[in-house]
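Let's take a slow walk through a protein model.

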Amino acid sequence: MNTSFIMEYLSALSQNNNREWYHANKDDYKKANAEFESLLQTLMLEIGKFDSSILHNNPKDLTFKIVRDTRFSHDKSPYNPAFRAHISSKGKLPVPVGYYLMIKPGNQSFLGGGLFADMFKDATTMIRDYIVRNGEEWENIIHEPEFEKYFTVQGTALKNVPAGYEKEHPQAEYLKFKSWYLEYPIKDEELNHTETFSAKAAELFRIMKPFNDFLNKALADFQMPAR
């Protein structure tokens with residue numbers, strides 16, 4: 001597993017973000033992608049020690065394409081120079097929530113967890129309602145000292161508590177959210193030490209697991225919209 005090659009390839013792609021270069025260096029892409037899948041396999045084995053629900057996955061089914069959809073974007077660069085994956089009991093689907101990894105040179109890499117998607121209104125409602133009913137459990141999770149050392153709950157949020165919820169509710173600030181997620185930044189140099197990085201990533205994923213578990217209990221009856 002060679003994370004240095006992953007970083008070298010992505011750095012080169014960032015500097016040559018065009019179809020001609022990409023296709024001329026397709027073999028390097030395949031090699032870098034294989035290294036990323038190897039890293040995912042190592043991570044999954046470590047995560048499996050505290051969350052066996054993800055072990056059935058095949059790494060190649062957890063990754064996202066680097067080709068960008070530029071139809072509605074001012075940035076017409078054809079590729080996103082990053083390798084990304086979401087590891088959960090149902091693969092890379094946004095629900096159930098799981099463990100997210102993005103490797104992107106320029107100190108833009110991060111580990112993540114929780115619900116990043118805010119377009120699923122049913123999911124947002126389910127989580128808000130679950131927080132209302134289980135506020136003490138929520139507070140215990142997000143204020144656990146080890147959790148607070150590394151994470152702060154982030155997400156797209158409304159300016160006001162939405163209609164139908166008490167403005168004075170103890171968790172009112174979190175009821176404004178439409179998505180609830182965690183991010184932990186990873187510096188480029190940390191990725192040069194594969195074994196150390198894998199161990200650290202798995203430990204951080206372990207710490208975020210109660211947060212993921214809370215959201216997944218809230219989303220137990222969620223159905224992905226039909227395409």
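First, some ground rules. This is a predicted model, so local features need a pLDDT of at least 70 and side-chain atom pairs count only at pLDDT 80 or more, while totals for chains, interfaces and linings use all residues. Residues are numbered from 1 along each chain as its sequence is written, and side-chain values use heavy atoms, with hydrogens and water left out.

Start with the largest nonpolar core, which has 65 residues. A nonpolar core here is a set of buried Ala, Val, Leu, Ile, Met, Phe, Trp, Tyr and Cys residues joined through side-chain atoms within 4.5 Å; buried means under 20% relative accessible area, exposed means over 50%, and partly exposed is in between (1.4 Å probe, protein chains only). Tyr9, Trp138, Trp180 and Phe211 touch the most other members of this core. Helix α8, residues 194-218, gives the most to the core, with 10 residues. Helices (H or I, at least four residues) and strands (E, at least two) are DSSP runs, numbered from the N terminus.

Now pick out Trp138. Leaving aside neighbours within four places in sequence, Trp138 is in contact (heavy atoms within 4.5 Å) with Ile131, Val153, Gln171, Tyr174, Trp180, Phe211, Phe214 and Leu215.

How do the helices around here pack? Two packed helices are described by the angle between their axes and the distance between the axes. Axes are lines fitted to C-alpha atoms, for helices over the stretch in contact, and angles run from 0 to 180 degrees between N-to-C directions. Angles under 35 degrees count as roughly parallel, over 145 as roughly antiparallel, 65 to 115 as roughly perpendicular, and the rest as oblique.

The axes of α5 (residues 135-142) and α8 come within 9 Å and cross at roughly 155°, which makes α5 roughly antiparallel to α8. On the α5 side, Glu137, Trp138, Ile141 and Ile142 meet Pro210, Phe211, Phe214, Leu215 and Lys217 of α8.

Helix α4 (residues 121-133) also meets α8: their axes come within 8 Å and cross at roughly 110°, so α4 is roughly perpendicular to α8. Here Met126, Ile127, Tyr130 and Ile131 of α4 face Phe214, Leu215, Lys217 and Ala218 of α8. Helices α4 and α5 pack on each other too, at an angle of about 95° with axes 5 Å apart, so this pair is roughly perpendicular. Tyr130, Ile131, Val132 and Arg133 of α4 make that contact with Gly135, Glu137 and Trp138 of α5.

Follow the chain into the segment after α8 and you find Leu219. Is Leu219 buried or exposed? At 4% relative accessibility, Leu219 counts as buried. Not counting residues up to four places away in sequence, Leu219 touches Val95, Val97, Ala123, Met126 and Ile127.

Next, some loops. Pro96 sits between β1 and β2 (99-103), and a cis peptide bond joins Val95 and Pro96, with omega about 0°. Asn107, in the loop between β2 and β3 (109-115), has a positive phi of about 55° although it is not a glycine. Asn107 is partly exposed, with a relative accessible area of 48%.

Last stop: Thr63, in the loop between α3 (26-47) and β1 (83-87). Thr63 is buried, at 12% relative accessible area. Leaving aside neighbours within four places in sequence, Thr63 is in contact with Phe36, Leu40, Arg84, Ala85 and Lys92.
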